[in-house]
Amino acid sequence: MEEDLIKRLEAAVTRLEGISSNGGVVSLSRGVDFSTDVVAASDPSILAYEDLISQCVGRALTAAEKIGGPVLDVTKIVAEAFASQKELLVRIKQTQKPDLAGLAGFLKPLNDVTMKANAMTEGKRSDFFNHLKAASDSLSALAWIAFTGKDCGMSMPIAHVEESWQMAEFYNNKVLVEYRNKDADHVEWAKAMKELYLPGLRDYVKSHYPLGPVWNASGKPATAPAPTPTKAPPGAPAPPPAPSASLFSSESSKPSSSSNQKQGMSAVFQQLSSGAVTSGLRKVTDDMKTKNRADRSGAVSAVEKETRTSKPAFSKTGPPKMELQMGRKWAVENQIGKKDLVINDCDAKQSVYVFGCKDSVLQIQGKVNNITIDKCTKMGVVFTDVVAAFEIVNCNNVEVQCQGSAPTVSVDNSTGCQLYLSKDSLETAITTAKSSEINVMVPGTDGDWVEHALPQQYNHLFTEGKFETTPVSHSGA
């Protein structure tokens, strides 16, 4: 420990001498002064955080470098986010506790980094979507630094880290399942990501900040850190100034009631964790539920009788597409009002990706590796067999009928899904996350369909030192 401290101090002195020899102001690469560097070199909590970065983040980066591409890019953003939080922890030790508006500005560098990760998950779904989503969602765990007290509207820091990782683990587990017997580098990356947060970050917070960050009452007022200057190439125009408006919403900087403080703090946390993912979903009323609609009581039909004639509709996001790409992936995109879509020339090595379709029905006649429905509305899919999994992501009002077998069906961030399972698919494992109105139809003894609603509410009881989670059951009365 003493040798490490001496090395850190020598490095700080070397940088100080280099800057002083140029006649400049004493400042480091990100605007931290010499005294700040001394704090970082000596404080046990900062040293422990540096160890967390070098060991856990370093392990994830090493695995990502072997994979490359978007996985490496998003892992670098994760490393950048942890580095940004380290700098904030250093500044907190020299800064007075700010009000809500000041806290928003103070945490803006961390928020900017998380937004970069979120941007990588938007748009058309890539082949590494699960990696990107796991890394992006995991960064919400870093919002523990915004905890200001039991009335701030957040969970305690330790619980917040654990809850945030649970959101990301849904996608991280998909990476483990997909590459378990295919590529050890992807498996190592997924394991490294989990250990970064559990036990890594969780144990760090538990040891040093179980009640949240400790501000310096006699320190300087909190201010948003200045952006890192970048050198423009010769002849290039200077970059525009950073926007003055904060990314965090705050109605007033005046003292408010505890309820208003909760709402404001929730807004800060919401920005840090990429916003409410279900804010754009339409509320489902009782008359819209599949089980209460007479016209949706049977299995998905491949061809439905048209009750009225209308002009064909076209998607605003792009032209309709239905083609086999590179001999491995069927792309069905932007199909509007098409009830007779059929894929009949397929094999077990091919996948099917359905994106941006509306009011259409697709038949997949034959066995394929996996099927994904992404951002579709009022979509029906009838398939025979899948080798890996059937996935429903960001969809509204979809009906899926399995005529053969499917090992796994996953539903993520979707509303109003009706699943029809055949006798051969009753052992299918169904996984749901951030979804509602999920109903599963199975064949009954008399040949009719029997409907089962999957729970979307849960009870959490603290028993014998741990939480036990059970689904909420509702009586028919």
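Two strands pair if DSSP finds at least two bridges between them. Helices (H or I, at least four residues) and strands (E, at least two) are DSSP runs, numbered from the N terminus. This is a predicted model, in which local features need pLDDT of at least 70 and side-chain atom pairs count only at pLDDT 80 or more, while totals for chains, interfaces and linings use all residues. Residues are numbered from 1 along each chain as its sequence is written, and side-chain values use heavy atoms, with hydrogens and water left out.

- Seven strands form an open sheet with mixed pairing, in the order 1-2-4-6-8-10-12.
- Its edge strands, each pairing on one side only, are strand 1 (321-325) and strand 12 (429-433).
- Strand 1 pairs with strand 2 (residues 329-333) in the antiparallel sense, over five bridges.
- Glu323 has Ala331, in strand 2, as its bridge partner.
- Helix 8 (residues 157-179) packs on the sheet and touches strand 8 (389-393), strand 10 and strand 12; contact means heavy atoms within 4.5 Å.

**Ser414**
- Ser414 lies in the loop between strand 10 (408-412) and strand 11 (415-421).
- Ser414 is buried, with a relative accessible area of 1%; buried means under 20% relative accessible area, exposed over 50%, partly exposed in between (1.4 Å probe, protein chains only).
- The backbone nitrogen of Cys395 is reached by the side chain of Ser414 at 3.0 Å.
- Not counting residues up to four places away in sequence, Ser414 touches Ile392, Val393, Asn394, Cys395, Lys434, Ser435 and Ser436.

How values were computed: Polar contact = N/O pair within 3.5 Å; in protein donor to acceptor, adjacent residues only side chain to side chain. Axes fitted to C-alpha atoms, helices over the stretch in contact; angles between N-to-C directions.
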